[in-house]
Structure formats: C-alpha cells, structure tokens
Amino acid sequence: PGSIALEGAAVTTTPGDYAGSTDASGVYGILVPIGTYSAAASKQLYAPQSLSNLVVTANNVTWANFTLVPSVGWIVGNVTNLATGSPIAGAVVLVTSSSSQQTTASTNSQGRFNISVEPGAYTVNVTATGYYGAQQTVSVASGAESVATFRLTAIPTTTPGLEPLVIAAIAAVVIIAAVAVVAAR
C-alpha cells in the first residue's frame with residue numbers, strides 16, 4: 001500500500017532537543033547548527049521511528065524521512081443493566097492509560113462502545129445516571145480488540161417522602177432568604 005501524509009507528527013533531535021511538527025503535507029523543517037544528530041518522529045496511535053547519524057553541513061538540507069506505522073488496538077464492550085440485561089445508552093466510558101492519559105466515549109443505543117488506543121494497560125471506568133459505576137483493567141495489543149463488559153446495578157430509589165436532594169434544596173432556599181433579610185436591614 002502507498003503512504004499518506006501524516007499531519008501533526010512530532011520530530012525531535014538529539015542533541016539539542018530541536019523540534020518541529022509535520023504540516024498537512026507531512027513535511028517538517030528544523031533549523032539546527034552544523035553537527036551530527038539523531039532524530040525521532042512520533043504521533044499518538046503510531047509506532048515511533050528514529051534515525052541516527054544525520055550529518056548537517058553548512059548551507060545544505062539534510063533529509064530525514066520517516067514512515068510511521070499505525071500502532072493501535074481497541075477497547076470494545078457493552079454496558080447493560082444487571083437486573084434486566086437491557087443496554088444502557090449514553091453511559092460515559094473513561095479510559096485511563098498507565099501514564100494517566102485519558103480518553104472518553106459514550107455508549108450507543110445498544111449500550112456498546114469502541115475506543116482506539118495505543119497498546120498498553122488501561123483502567124476503564126463506566127458511569128451512567130441512575131446506576132452505580134464500575135471499573136475494569138484491560139491490556140491492549142496492537143491490532144487487537146480487548147473486551148470490557150459492564151453490568152451496572154441500578155441505584156435504588158428512595159422510600160416515599162422527601163428525597164435528600166429536595167431537602168437540601170429547601171435548606172438552601174431558607175439560607176438564601178435569611179441572607180436576604182440580613183442584607184435588607
């Protein structure tokens with residue numbers, strides 16, 4: 001297969017930590033002093049590539065071309081109601097890598113989700129309105145799917161009478177009224 005331009009890849013040099021990034025055409029330029037360098041290109045969801053012994057001479061362009069290969073896996077799964085087995089649409093899925101990078105998604109109408117990530121270990125947290133949240137740890141390999149299935153327990157509804165949120169709202173109104181009375185004097 002042919003190659004395509006990759007926008008937003010970071011390119012850095014050693015020594016000097018000179019840096020640049022690729023434009024929409026996949027082209028970058030870094031101005032460096034005369035010397036010999038190593039350069040590395042990287043972009044999320046791609047395997048990084050390094051080149052060494054790049055000799056830069058006065059008034060010349062030194063070409064360093066990179067071919068970054070996709071390095072992606074997927075966390076796929078579904079979220080259902082434990083008691084009924086019904087899918088839970090709109091559940092929030094938060095994926096956190098071991099380096100604390102986070103990605104979010106939500107479930108579709110069938111309670112399913114699919115998130116592209118780099119290979120590695122992840123913690124997957126799921127929350128949905130009216131349900132207790134849940135968490136799992138998954139390991140993702142390049143080119144493979146890791147399945148995370150969640151069966152959430154519904155939060156029980158309160159007994160008849162005023163709910164705690166209603167009581168808190170009434171207390172807030174009373175406090176605001178008391179402040180208004182003090183300010184009017």
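Strand β7, which spans residues 73-81, is joined to β10 by six bridges, and the two strands run antiparallel. Within this pairing, Ile75 stands opposite Ile115 of β10. The model examined here is predicted. Strands β10, β7 and β13 form, in that order, an open sheet of three strands with mixed pairing. The edges of this sheet are β10 and β13, the latter covering residues 145-152, and each of them pairs on one side only. From one strand to the next, the twist averages 20°. In general, the strands of a sheet pair through backbone hydrogen bonds, in either a parallel or an antiparallel arrangement.

The protein chain as a whole contains 13 strands and one helix. The protein chain has 185 residues, of which 24% count as buried. Among contacts between residues at least 6 apart in sequence, 45% join residues at least 24 apart.

The largest pocket has a volume of about 950 Å³. Its lining comprises 32 residues, and those closest to the centre of the pocket are Gly26, Tyr28, Ala64, Asn65 and Phe66. At least two lining residues are supplied by each of β1 (10-14), β3 (35-42) and β5 (49-56). The largest share comes from β3, which provides three residues. By residue class, the lining of the largest pocket consists of 21 nonpolar and 11 polar residues, with no charged residues.

The second largest pocket holds about 170 Å³ of space. It is lined by 16 residues, and Gln44, Ser97, Gln101, Glu118 and Tyr122 are the closest to its centre. Four strands each supply at least two residues of this lining, namely β8 (92-97), β9 (102-106), β10 (112-117) and β11 (120-127). Strand β11 gives the most, with three residues. The lining of the second largest pocket divides into six nonpolar, nine polar and one charged residue, whereas no charged residue is found in the lining of the largest pocket.

Methods: Residues are numbered from 1 along each chain as its sequence is written. This is a predicted model: local features need pLDDT of at least 70, side-chain atom pairs count only at pLDDT 80 or more; totals for chains, interfaces and linings use all residues. Side-chain values use heavy atoms; hydrogens and water are left out. On a 1 Å grid over the protein atoms alone, a cavity is a set of points where a 1.4 Å probe fits but cannot get out, and a pocket is an open set with protein on both sides within 12 Å along at least five of seven lines; lining residues have an atom within 4 Å of a point. Grid points are joined across faces, edges and corners, and a volume is the space filled by probe spheres set on the points. Ala, Val, Leu, Ile, Met, Phe, Trp, Tyr, Cys and Pro count as nonpolar, Asp, Glu, Lys and Arg as charged, and the others, Gly among them, as polar. Two strands pair if DSSP finds at least two bridges between them. Axes are lines fitted to C-alpha atoms, for helices over the stretch in contact, and angles run from 0 to 180 degrees between N-to-C directions. Buried means under 20% relative accessible area, exposed over 50%, partly exposed in between (1.4 Å probe, protein chains only). Contact means heavy atoms within 4.5 Å.
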